[in-house]
Structures are given as structure tokens and as C-alpha cells.
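The following note sets out points on the helices and on selected residues of the model shown here. Please read each point against the coordinates.

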Amino acid sequence: MSFDLLAEALIAGILLGCFYAAVSIGLSVAFGLLYVPHIAHPAFLVLGAYGVYGINQAGVDPILAGVILSPFFFFLGVGVYRFYHAVFERRGSDAGLRGLAFFFGVAFIVEVALILNYGVDQRMVQASYIGQGLSLGDYRLPYRMLVAFAVALGLTVLLSLYLSRTFMGRAIKAVAQDETGLALMGANPVKVKQWAFGIATATCPIAGALLIVIGPVEPGLGRLYIGRCFCVAVLAGLGSMKGTLAAGVILGIAESLVLTSMGASWAPAVAFGLLLAVLAVRPTGLFGR
């Protein structure tokens, strides 16, 4: 591989990795801090992307549309967690396995609902920066990837500040470390967790906006991101926001190098390969507590 080709693969990998971090950061909260097996997270991303598509038909910028949808997804997340807690989490030690089946069912319902409403055709959005690029010497950086880079940095900074500087943020980190101790201090762990799950779900339309800005979406697209999202969340170290950004970049660079050197067929296997390697060598993740 020539130096120019390597440099191009690294730059593309960093931009792609920031996109992976943005679509995984909600899962880092739900799975990393709350230990909820939220396998429906990619389906919520696609649901958010379709919501963005609907608003974009009125001429609204996709990223702004994602921000507009965030409060609605927050309440959706609160409702989903309240049901999950009442039916599964509160009832016993096998909540993880039954919860996995529950969220798999939710993902399937979301996919079927999208097919019934929109069909299986791919959908795209319109924005001034889609299809344009920034030329730096011999390299051309697509604006849509630069937007993903900026949004990923913004989400990481905002969530890191929220979790470290606010009372509810510190309560969320506390419930991840010692739920019983938090209850003894007078806080309600269930309310803290449903608030955190709402925040995790509120990131989905923003990440979904990036999903449909990067490329066209179809109802089954979420299945392609299950491995990538869980790989980033586990590689980061469960619950680490900065680690999620770093893990996304690592996955993006690894996929880009494999794509350049071995072809596109091997690229989807990189996430699962990294996930298995991390679970075998360092189960707490590279940046885990």
C-alpha cells in the first residue's frame, strides 16, 4: 500500500469512526451505564432517520430536524424503559435474557411498521452540503462526513459535561456503580435510569440524521449496525463517552484499512472481529473503569 493510499485510508477512517461514535453514543449510555440490553438501538436510529426524512420534505435541514425530534424520542425512551422495568427488570435475575428478547421484538416491530408506512424503497434527504466536498491538496473530504465528525464531537462533549457537571448526570453515573447505595441516599434509582434511558433514546434522531445524510436508508438498515454499535460500546469501556469517540475512530480506521487492502467484502466482519478480541482479552474495554 502506497503512502498516499494509506493516508487517504486513515483520513477516511477517522471521519467514518466519528460517525460510528455518534450512532453508538446512546447505546453507551443504555448498555454501558444502565446494563440494559438495548438491541433495538439501531432500529431507533433508523426510525429517527425516517422522522428526519419526513421533516426534510418541508425543507428543514436534516440535522436541525434531528434536534427537533429529540424531545419526542426522549419521552419514547422513558416510556419504553418504564415498560421494560415493570415487565422484566423488576421481576428477577433472568431479566437480561428476557430483556434481550423484548428489545429484539421492539426492533422487529419498528422495522415492520416502517415497511408498512414507507415500503422497502430507499429514502434520501436533501441538504446543501450533501454531494459537496472540501479539497485539501490531493485529498477531498466530503462535507457530509465532516458534518458527522462535528456532530460526534458535539454529542461527546455535551454528554460528558452533562454526566460530570449536573446533579442528574452524577446520579446516572452513581446508579451505574452502586444502585443500592444511591437508594440509601434517598434517590429513586428507577427514575434516574428512566431519565438516562430517555437521554440515550433522544440521541437517536440526531444520529439517525447523520445516517440518512451519509447515505440512503431502508427499514432493515439497523441490522447492519447492531455489531458496529455494540463493538464501539464494548471497546470503549462500558459507559465512557470519551472512550466511545476513541473506539469509534479505532473501528473506523480498522474498517477503512481493511476496505482499502482487502476489499469491501471483509469490512463488515471487522466490527465482530474487534468485538470478539476485546471480550477475550480485555472485557472491561480499552477505556473501561
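1. Val-29. Apart from neighbours within four places in sequence, Val-29 is in contact with Leu-34, Ala-196, Ala-200 and Met-241, contact meaning heavy atoms within 4.5 Å. Val-29 belongs to helix H1, residues 3–33; helices are DSSP runs (H or I, at least four residues), numbered from the N terminus. With a relative accessible area of 4%, Val-29 is buried; buried means under 20% relative accessible area, exposed over 50%, and partly exposed in between, for a 1.4 Å probe and protein chains only. Thr-201 is 172 residues from Val-29 in sequence, yet their C-alpha atoms are 9.3 Å apart.

2. Basis of the values. The model is predicted, so that local features need pLDDT of at least 70 and side-chain atom pairs count only at pLDDT 80 or more, while totals for chains, interfaces and linings use all residues. Residues are numbered from 1 along each chain as its sequence is written, and side-chain values use heavy atoms, with hydrogens and water left out.

3. Tyr-35. The loop between H1 and H2 holds Tyr-35. Although Tyr-35 is not a glycine, its phi is positive, at about 60 degrees. Most residues other than glycine have a negative phi. Tyr-35 counts as partly exposed, at 45% relative accessibility.

4. Helix H2. The end C-alpha atoms of H2 (residues 41–56) are 22 Å apart, in agreement with the 22 Å that its 16 residues should span at 1.5 Å a residue; the expected span is 1.5 Å times one less than the number of residues. H2 is mostly covered, with 12 of its 16 residues buried. Among them are His-41, Phe-44, Tyr-50, Tyr-53 and Asn-56.

5. Helix H3. Spanning residues 62–87, H3 has 26 residues and reaches 36 Å from its first C-alpha to its last, close to the expected 38 Å. Where does H3 show a kink? A kink of about 40 degrees lies at Ser-70, shortly before the proline Pro-71; the bend at a residue is the angle between axes fitted to the seven residues ending there and the seven starting there. The N-terminal end of H3 is capped by Asp-61, with a side-chain oxygen 3.0 Å from the backbone nitrogen of Ile-63.

6. Met-145. Helix H5 (residues 143–165) contains Met-145, which is buried at a relative accessible area of 11%. Not counting residues up to four places away in sequence, Met-145 touches Leu-15, Leu-16 and Ile-214. Met-145 and Val-213 lie 68 residues apart in sequence and 8.7 Å apart in space, C-alpha to C-alpha.

7. Glu-255. Is Glu-255 buried or exposed? At 4% relative accessibility, Glu-255 counts as buried; its place is in helix H10, residues 241–262. The side chains of Glu-255 and Tyr-20 are joined by a polar contact of 2.7 Å. A polar contact is a pair of N or O atoms within 3.5 Å; within protein, one must be able to donate a hydrogen and the other to accept it, and residues adjacent in sequence count only if both atoms are side-chain atoms. Leaving aside neighbours within four places in sequence, Glu-255 is in contact with Leu-16, Tyr-20, Arg-228, Ala-267 and Val-270.

8. Helices H9 and H11. H9 (residues 222–236) and H11 (residues 267–281) pack at an angle of about 30 degrees, their axes 9 Å apart. Residues making this contact include Arg-228, Phe-230 and Cys-231 of H9 and Pro-268, Phe-272 and Leu-275 of H11. Axes here are lines fitted to C-alpha atoms, for helices over the stretch in contact, and angles run from 0 to 180 degrees between N-to-C directions.

9. Gln-177. Helix H6 (residues 167–177) includes Gln-177, which is exposed, with a relative accessible area of 60%.

Note on methods. Helix = DSSP H or I, 4+ residues; strand = E, 2+ residues; numbered from the N terminus.
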